[in-house]
Amino acid sequence: MTKLSRVTVDLAKKHPGRAPSEIEERRVVEHIEERRPISQDVGDVAEREETAWVRLADNVARIGGSWPFIGAFFLFLFAWTAVNGFALSVNAAFDP
C-alpha cells in the first residue's frame, strides 16, 4: 500500500468512523487516491439524455424569449393594430 493510499484509508477510517469496507466507500477512496472527481457535471448528463424534442423546445424558447424577437413582435403588433384601426375607420376592416 502506498503512502498516499495509507493516508487516504486512515482518513476514511477516521472521518466516517468505520473502515471503507462497503462498495461505495471503497469507490470514494479509489477516486480520492486517483485524484478523479466522483460527481458528474449535470450539464453533461443532461446533454446526453435530452431528446430531439427537448432540443427543439430549447431552440424555440431561445428565439422566442430573446429581446430582438420581443421587439420585432411588438412592432408587428403595433403595425397590425394601426393598419386595422385605420381600416375600421373607413369601414374596410379585415380583422374587426
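**Surface.** I looked up the accessible surface of the protein chain in this predicted model. The total comes to about 8,300 Å². Carbon and sulfur atoms account for 65% of that area. I then checked burial. Of the 96 residues in the chain, 11% are buried.

**Fold.** I went through the secondary structure next. I found five helices and zero strands. Read along the sequence, the pattern is α-α-α-α-α. I also looked at contacts between residues at least 6 apart in sequence. Of these, 17% join residues at least 24 apart.

**Nonpolar patch.** I asked which residues form a nonpolar patch on the surface. My list reads Ile63, Trp67, Phe69, Ile70, Phe73, Phe76, Leu77, Trp80, Val83 and Phe94. Together they have about 1,100 Å² of accessible area. Which helix gives the most to this patch? I noted helix H5, residues 67-89, with eight residues.

**Aromatic pairs.** I looked for ring pairs and found three aromatic pairs in the structure. For Phe69 and Phe73, the ring centres are 6.1 Å apart and the planes are at 10°. Planes under 30 degrees apart count as stacked, so I logged Phe69 and Phe73 as a stacked pair. Both residues lie in helix H5. They are four residues apart, about one turn of the helix. I followed the ring pairs further. They link Phe69, Phe73, Phe76 and Trp80 into a cluster.

The class covers values between the buried limit of 20% and the exposed limit of 50%. Both residues belong to the nonpolar patch as well.

**His31.** I turned to a residue in another helix. His31 is found in helix H2, residues 23-34. Is His31 buried or exposed? Its relative accessible area is 10%. Buried means under 20%, so His31 goes down as buried. What does His31 touch, leaving aside residues up to four places away in sequence? I wrote down Arg36, Pro37 and Ile38.

**Recap.** For helix H5, I have eight residues in the nonpolar patch and the stacked pair Phe69 and Phe73. For helix H2, I have His31, which is buried.

Key: Residues are numbered from 1 along each chain as its sequence is written. This is a predicted model: local features need pLDDT of at least 70, side-chain atom pairs count only at pLDDT 80 or more; totals for chains, interfaces and linings use all residues. Side-chain values use heavy atoms; hydrogens and water are left out. Patches are made of residues with over 30% relative accessible area and no salt bridge: like charges are joined within 9 Å, nonpolar side chains (Val, Leu, Ile, Met, Phe, Trp, Tyr) within 5 Å. Accessible areas come from the Shrake-Rupley method with a 1.4 Å probe; for residues, only the protein chains shown count as cover. A salt bridge is a side-chain nitrogen of Lys or Arg within 4 Å of a carboxyl oxygen of Asp or Glu. Helices (H or I, at least four residues) and strands (E, at least two) are DSSP runs, numbered from the N terminus. Buried means under 20% relative accessible area, exposed over 50%, partly exposed in between (1.4 Å probe, protein chains only). Contact means heavy atoms within 4.5 Å. Rings of Phe, Tyr and Trp (its six-membered ring) pair if their centres lie within 6.5 Å; planes under 30 degrees apart count as stacked, over 60 as edge-to-face and the rest as tilted.
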